[in-house]
Each structure stands twice: as C-alpha cells, then as structure tokens.
Amino acid sequence: MTAQAAGHLLPLLVAAPILVACLLVAVGRRLPRLVVDVLATGTALGVTGVAALLLVVTDPGRTVSWFGGWTPVHRLSVGIPFVADSVSAGIALLVGGLMSCALLYCWRYFDSVEGHFHALMLFFLAGMEGFALSGDVFDMFVFFEVMSAAAYALTGFKVEDESAVEGGLNFGIVNSLGAYLSLTGIGILYARVGQLGLPQLGDALSHKPPDALVVAAFVLIVTGFLVKAAMVPFHFWLADAHAVAPAPVCVLFSGAMVELGLYGTARVFWVVFGETIPLDDIRRTFLILGALTAVLGAVMCFTQRHLKRLLAYSTISHVGLFMIGFACLDPDGTAGAALYVLGHAGVKGALFMIVGVLLDRYGSVDEHHLFGRAKGQRLMAVLFFASALGLAGLPPFGTALGKSLIEDATLVHGFDWGPVLFVLVSAVTAGAVLRAGLRIYFGLGPEPAADDADKTKGEEEPDTPRLQRVPFTMIVPIVVLVLGGLAAGVVPHGGQAVAHAAERLIDGKGYIDQALTNAPPSALHPEPKADWTTLGVLLGVLSTLLAFGFAALGLWAQKLPRPVQVVSVVFRPVMRGLHHLHSGHVGDYVAWLFVGVAVLAGLVGIPLR
Amino acid sequence: MTALLVLSLTLVGVAGTAVVATSRPERQVVTYSLFGLTLGVLFLALQAPDVALSQIAVGAAVMPMMILLTVRTMQKDLKQRREKDDS
Amino acid sequence: MNVYAYFVAGWLLLAGGYGIVRSRHMVHAIVSLAVSQAGTYVLLLAVGYQSNVTAPVFGSTEKPTKQVVDPVVQAMTLTDIVVSATVTALLLALAVQVNKRQGTLDPDELVALEG
Amino acid sequence: MSRRARLLVFLVGGAAVAALFAIAFLDMPHFGRSDHLYRDLAVPAAVRHATANVVSSVNFDQRAVDTFGEETILIASVVGTAALLRPAREETERRIPDTGRTLGATRLVGYLMLPVSLVIGLDVILHGHVTPGGGFQGGVVLATGLHLLYVSGSYPALDRLRPLELFDIGDGLGAATFAAVGLAGIAFAGSFLANMVSFGTFGALFSAGTVPILNVAVGLEVFAGIVAILAKFLDQDITVVKEGSE
C-alpha cells in the first residue's frame, strides 16, 4: 500500500462511524432493532479492521495525512494533519475492538430509544479515534469535546436512575472546565507561536528556554487531559460516572477514554514540549502524581462494596500505575505502560460486563446484597476469576508483562520503591475484586450484616429486563476481552513490537520532521528488551498471592485476634475522612481541580526558576 | 487600545461577574442574555463580525431560551411534587 | 493597558469557577460554567487582534490587499461557541432529570453519590 | 466539605491559578500587535481559493476538520438531549389543544417575523463565504425565527410547523453531507475535505469551491438540530406530564 493510500485510512476511521451514526439519527426510529444492532456493530468491526490495516501499513514508521491537501511549505501549514504511529494506530485498534465488544454485548438487550444509544456510541467512537490520530492541538480539543459530549449523554442515559443523571452532571461540569483550561493554554501558546499543529509548535519551541509562558501553557493544556485521565486531585468525577453509566459504556470509559487522557498528555509533551522543558522536571512531577493516584485509588477501591465503584477506583489506581510508566520517559517504561493499558482494557472490560450481567440477573451491584447468590454460575465465575487474576498481574496476562517492564524501568532510574508500589497496588485492587468474587460466587466468609449504613450509592436500575439466562451475545464479548488481555502478554514478539512503538512515541523530533518534511523515520533499536524476566514473573506471582491474602483479610477481618484489630482504630478515621472527601458535590470537585492546577504548576514550574 | 475596546472589555467583565453573582437561575436568564449582548459588542469592536453574529444568536437568544425552559420545567415539577405531597 | 484584555479573560475563567464552587443551584452552576468558557472566547480573540486594521472579511467589492485581524482565532472562537451551546444543552437536560428524580438542584442536598 | 472549607480550598487553588495566569499573560505578546504568523499564511490561502470571507475559508477549507468535529459535537448533543429528555417510564406526553387564547396582534407579529427571519437566515447561509455569517449563524437565525411563534404564544402553530421526525432527518442529512463531501475529496482530489470544485471569481456568489456547499450542509444541520433541542426543552415544559396527574 502506498503512503498516500495509507493516509486515506486516517479520515475513514472518523468519518465512517459518523456517517452511520447520522443515518441512525435520521431513520433509526423506523429501523427494526436487529438492523440497528447489525449496522452499529458492523461499523465498529469495520473501524477495527481499518485500524488493524493502518497498524500493519504504518508499522514501524508513521503515516501522515494533511487534510485538504494543505501540505506544509517551509515547515509551516494552514492545515491540520492526522498522524499515525504504532501507538496511535494501536489505540485506534483498541478503541475499535472495545467498541465492537460493547455493542455486541448490548445486542437486542438494551433499550436503545430509537437508535439513540447506538448513534451516541458511534459518535463516541469517532471522537476517540479523532483524538488519538489528530496532530493539531486545537483539533485535539475539538475531538476531546466530541467524545465528551457523547460520554455525558451516555453516562446519564438511564434517566429513571437518580444517581445516573447526577453522575452525568458532575462528570460534564468537571470535564468541561478542564477542557476550557486546556483551551486557555492553547490560546496562550498560540499567542507566542502563531501555529496550532503539534509539529509546528514543537519546531518553534525546540531548544528554547522554558519560560513562564511555556510552562503555563503546558500546565493548562495537560490539565484538561489529566482530568480525563483521572489523576489525583482531578479524579473525583470518575467514580461517579463509572458507578452510574451502563456497563458496556464503562468498558469504553475504563478501557480507553481514561487512557486517552494519558495518551494526550504524552503526545503533547513529547512533540511540543519535549525539547524545552527538562525531562527530570517532568519525570519528578508525573512520578509524584502517578504514585499518589495509584495509592489513593487502591485504598478507595478496597473499601467499596458497590461493585462498579470498586472497579472504578481500581481504574483510577491503575491509571496511576500507567502514569508512572510514562513518567519514566524512556522506551521501556512507555512500552510497559502501553502493554499494561492493553492487558488492563481486556480484563477490566470483562469485569464491568460481568458486573452488568449480575445487575441484570439479580438487580443489584452491591457486594453484600449479592452474597452467595451467584453460586453455581460456573462459566461466569471462571471468567470473573480469570479477569481478577489478570488484574493482579498474574503471568502470562499482558498486565503482568507491562507491570514487569515498568518495574525494571523504575529501578533503572533509581526509584527502588517502584516495584514495591506496583506489587502492593495491584495486589490490593485485585484483592478487592477477588473478595467480591469469593463472596458472590462462593458465599465465602461470614455473611455480611444486612444493614445498609455504609452502603455507597450508585446505579440501581438494571440495564435490561431481568435475565433468566445469560445470552450468547453477552458471553462472547466477555470471553473475547479476557482472551485479549491474555494475548497482550503471550503473542510472540508482542513485547518487542510494543517497545518499538514506544520508541516512536517518545521520538518527538522524528514526528516533527516526518510530518513537516516527509523525512524518513529514524532507525529503531534492533533488539529491544521488552520480554519476560524471571524477576518480573516472580513479582507477578507474588502480587497474585498477596491479592488472595488481601481478599482473605477482607473476608475474615473480624476473626483476627484483638491486637491486630487495633490497627483498624487508626485506619478507620482516615478512611472516613477519605470517603467524606469523595462527596459527590460538584463544588468540591471544582475547588480541587483548581488546587490540582496549582500543584501541577508548582511541581513543573518552581524547580525551573 | 481605543476607548471603545476598554469600555466593552470592562462591560464584559462586569456583566460576567453579575451573571455569577445572580444566584437565582430565573434572574440569571436576564443577566446572562445581557452578558451575551456585551460579548457581541466586544466581538464587533475586536473586528470579528462572524463571531459577534453567532454570539448574539446563541448567547442572547438560544441559550437564555434553554435556561428559561429548564427553569420553568423545574418549577412545574416542584409544583406537581408539592401537590402530590399535600394530597 | 497592553494586557488588559487577557486579564478580563482570566477574570471570567476564575469567576465562573467561583460560581460553581459557591453555587446553590445546578442551573446556576451550569451558567457559571458558560461564563468560564466565555473567558476563552475573549482570550482567543484578544490574542489575534491587531490595532487599526479591519475584519478578515473582504466581501464582494473589496480587494484582498488590506491588513486584517487574525481570522484563525475567530474560527476557533466560533467552534468554541458551538461547543458551549451544545454542552450547556446536555447539562441542562441532565439537570432537568436530576430535579425530577430528587426534587432539588441544590448541590448541598444532592446526595445520590457520596462515597 | 462544609461550604466554608470548600471556599477555602478554592481560594487557595484559585489564587495560585490567578498567579499562573498573570505571569503567563505578562509574558504574552501585547494586545494589538502586528505580527500574526497564521494570519499571514491563511489570508493568501483564502485568496487562492477565491474565498472573500477568510474566516469561512479557515472554517470550511483550511481547518475544515475542526468544523467537521464541531458539527459532530452538535449532532451528538442533539441526540444526547433527545435521549436525556425522553419521557421517563412514569411520564406521558399530552396533546395541547389550540385554545386561541393569545392576542391576535402578538400572534400576527410571530407570523410576520417568521418569513423575515427565514429570508435573513437563508441570506446569511448562502453568502457565508463572502460576507460575515455562514451555515452556523444562519441556521441559528432560522431556528430562532421559528421559535418566535412560541414566544408570541402560539405553541400549537409551532407544533404544526415542526414535524420533528423531519428535523431529525434534516439534522442527520446535514451532518452526513459534510462527511460525504469530505470523503468525495479523497476520491476526486486526493485528500479528505479537499476543496475540489472550481473556485470561481473572488467575491461572487458562486466562488470558494466547496465552502458554500459545506455552509449549506451546516446550515441545514444547525437549523434542524437547534429546533430539535429546543423542542425537547419545550416538551418538558409543556407536554410531558407524570401519568395520573392530568
């Protein structure tokens, strides 16, 4: 395939789902439900196929397309480029695959309201694809808003559910404010450079000293992305939105949308700011944010009994871990983060879908209410525990390989706490999931008291009329996702391909030159490590064992001897304070958002003075 | 910087503050449409007639209408709720 | 005076944030968010302004040789205005439903999501 | 948090953000300066494509993908609003009888303003590539004009003039046309959203290539979309009621 023909694939990934969604808007109410399902799922599968083709023809270089034929002259242009490297094409593929699974899962079972649900899902798909591929900072803002607008509506889609609409509202206000701060940063940078394309911006800033304007622009632009990525203290909206959105929507939120925030941060940093702001400065900032997020998410996760909230906090915690991988600012850490994202998307997506099945079948997502009720659901139990083990980082899941690569990278930079943090955080989050599974599918541990004093609220309306038995169209996507999470770790040379992709992502100068002058991509490291190591496997097994330990602790905490229980006297007020902070109050969230911007600006800016 | 620009910028700042300071949404409809108009004037002064046209159409007509309808729906719902509680 | 316009923009952004934080009514919070966004319009147009030149629209009679202000920020602001209107519509729709379910829109009384 | 604590947290964060803004703004090039790199590239590019309204050239030609995304946001919000404001399970829609209560004069104003705003709206759309305006502005004017009927008190008249299914079709068709023109650019001119029709004479009605076509598509989409959004809010106010309360 010629480079030009490959370039045509880029707009297709965005335009095709929009075209089909427009058709659904226009005539969706007249189409039989089956046709709507086939059209939407078929489109998502088609997008997945095109993305796969794009990945194949792009690898290991880049595919560039300047829309409208406005190719650059003297390294400047009035147009907008879409640029695919293996990372953005890989994300396009991941998004398409997750969307196909989610749409198949809703096949016939979700009240679509005249095709509106399916149309929104396809707009959401187009927004994510556009955001991943765009090479223009204002265009990124536009596609950020495309995915946000669709996401707000999808979150509140179950209008009969009081918490669903409230969750959508909190999500919308906090994310929009983040986006407007991004736009402010874009305006500030535009005043200096007079261009909007990422490559032109990077070209203009490279090797200039990072003065106040550059730092402020960077901080503000990434604020919007970090709100999407749910970094502490921008993370509050995520649990609300995940707790209430329909399960198939959560698959996309947790598996792709949140990670896209991180991707946006990485892309903008490497291409635009990579050669002005010193790496050490950024590394320290994002290591701190990532570690904080990972720990806070894990603690909150373990103390939830609302299953979707529990999984949501686990996502926050894992995004913190991905952030640590990116913050290593080297090929190994980045490759580890990419693999971890792939593996996580599979197992977390599967878990959300299984929780959706529980909700449809038993009308609850409360761990205590579901105690022992799913005994004998063998297939679902197997899939649930496989996913939980994947979340814990048991080899050979993709999560384990990604985790081990990041652990190595942190050690290289002298952060000895890296592996400890990774093992503990993945053990705690997976322990919470295992605890819930052991209660629900095996009725292990003492039956929790029926009181609802500490019950956290969230979605209680089933997605569908009560299910008598789990339909085939719901089982297939769950199996596919679990296998996908596994495949990320076992495909031969998969690790090396991802390592090469990571090398491309962090090569900002190569991106700039190829987009502006069609320069050929630089040579890649011939033998990247990016493979299983004994230490990595051992740490993966260790975190899995510890996860069972935490699960047992959760189940039988009351049976511990008295001296040990004293610990909880200290622990309990802290937990109460943390839960109180996550108040569901939009004013609180916005106040913390401003504090977050201030912290970010301090971490990046003050050491540069 | 001309006096017109200084004046319209100041008006925008004041009107925006007034919108935020208006705590009752049914009154915000009025302050918000005034704010929309001041923005429209500012955009004309900044030589942006395209933007001014959109701003006046959206900020002084469509958005206030949506806010007004939202407020009215809420009042209707609250009334229904109260009637139900009374009976 | 050289940066007055930028500071008005910054003021609107912060004032909107203050409005949301202090809000007693979700509709007020949504409108405050729109005020914040108006700050970005002012910033963008101020960035592209040039003193003593005309709008970037030549019409059917003028020759395209005279100096004009930056058209790109105007195009960006147009997009921004559409985003503002549509996001506001979505948020107001959510607010209508919250009010129906919970009978209030005071954030201090909305308690469906604590924890 | 208590209201006091929340305010305190915000004041700390807000003060720091204000300081960040201040140091960035003081570093920025001054208001009213004469060097604008993108402008110096965009104006000649617009002239090359015979587009007298440079803003339209940026919106529908040079940076047309932005506008494509923007129209996608609009249609996604239309669908989202429709989905969120659908009558819930316990609600129904009632029919409003035409009571003829409103004064004849107010109603007359509504009817008279309708053709006026139609003419203005269409003019703004069709000349968007030459004079200020375009599909978005014209579409909003059209939609607002239609709702003058409501303001003047004749909701039933509005309801008759507004077969909502047709507006859904118009909305979808407008957005789909934008995508289709973009894809046609790939087929006939080698890149997405390429301006490929003959450019015509600078400043004439028939000029600027695909810009006026996209303007009309956007005009249709915005008109239909805004009407559909306002209709949903109107329905909530007027026709949607709880079952049993009527």
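Student: Which helices of chain A do the buried residues of α18(A) pack against?

Tutor: Keep in mind that this is a predicted model. The buried residues of α18(A) pack against α3 (86-105), α10 (247-273), α13 (331-362) and α15 (398-412) of chain A.

Student: How many residues of α18(A) are buried?

Tutor: 10 of its 12 residues are buried, so α18(A) is largely enclosed by the rest of the structure. Among them are G494(A), V498(A), H500(A), E503(A) and L505(A).

Student: How far does helix α1 of chain B reach from its first C-alpha to its last?

Tutor: Helix α1 (residues 3-21) of chain B has 19 residues and reaches 27 Å. That is close to the 27 Å expected.

Student: Which residues of α1(B) are buried?

Tutor: Start with the general idea. An α-helix has 3.6 residues a turn, so residues three or four places apart point the same way. Now the case here. The buried residues of α1(B) include L5(B), S8(B), L9(B), V12(B), G13(B), G16(B), V19(B) and V20(B). A15(B) is buried too.

Student: What do those buried residues pack against?

Tutor: They pack against α2 (25-45) of chain B, together with α1 and α2 (26-47) of chain C.

Student: Are Y152(A) and F171(A) buried or exposed?

Tutor: Both are buried. Compare a second pair, Y18(C) and F10(D). Its centres are 6.1 Å apart and its planes lie at 55°, so the pair is tilted. This pair crosses between chains, from helix α1 (residues 4-22) of chain C to helix α1 (residues 3-27) of chain D. Y18(C) is partly exposed, with a relative accessible area of 36%. F10(D) is buried, at 5%.

Student: Which residues form one aromatic cluster?

Tutor: F67(A), F82(A), F143(A), F68(D), F178(D) and F192(D) do.

Student: What is S176(A) in contact with, leaving aside its neighbours within four places in sequence?

Tutor: S176(A) is in contact with Y152(A), L33(C) and V87(C). S176(A) lies in helix α6 of chain A. Its relative accessible area is 0%, so S176(A) is buried.

Student: Where does H36(D) lie?

Tutor: In the loop between α1 and α2 (37-48) of chain D. At 3% relative accessibility, H36(D) counts as buried, because buried means under 20%. Not counting residues up to four places away in sequence, H36(D) touches V47(C), G48(C), Y49(C), Q50(C) and D70(C).

Student: Which residues make the nonpolar surface patch of about 510 Å²?

Tutor: L122(D), L126(D), L205(D), F206(D) and V216(D) make that patch. Look at L126(D), which is in helix α5 (residues 104-126) of chain D. L126(D) is partly exposed, with a relative accessible area of 43%.

Key. Residues are numbered from 1 along each chain as its sequence is written. Chains are lettered from A and ligands numbered from 1 in the order in which they are written. This is a predicted model: local features need pLDDT of at least 70, side-chain atom pairs count only at pLDDT 80 or more; totals for chains, interfaces and linings use all residues. Side-chain values use heavy atoms; hydrogens and water are left out. Patches are made of residues with over 30% relative accessible area and no salt bridge: like charges are joined within 9 Å, nonpolar side chains (Val, Leu, Ile, Met, Phe, Trp, Tyr) within 5 Å. Accessible areas come from the Shrake-Rupley method with a 1.4 Å probe; for residues, only the protein chains shown count as cover. A salt bridge is a side-chain nitrogen of Lys or Arg within 4 Å of a carboxyl oxygen of Asp or Glu. Helices (H or I, at least four residues) and strands (E, at least two) are DSSP runs, numbered from the N terminus. Buried means under 20% relative accessible area, exposed over 50%, partly exposed in between (1.4 Å probe, protein chains only). Contact means heavy atoms within 4.5 Å. Rings of Phe, Tyr and Trp (its six-membered ring) pair if their centres lie within 6.5 Å; planes under 30 degrees apart count as stacked, over 60 as edge-to-face and the rest as tilted. The expected span of a helix is 1.5 Å times one less than its number of residues.
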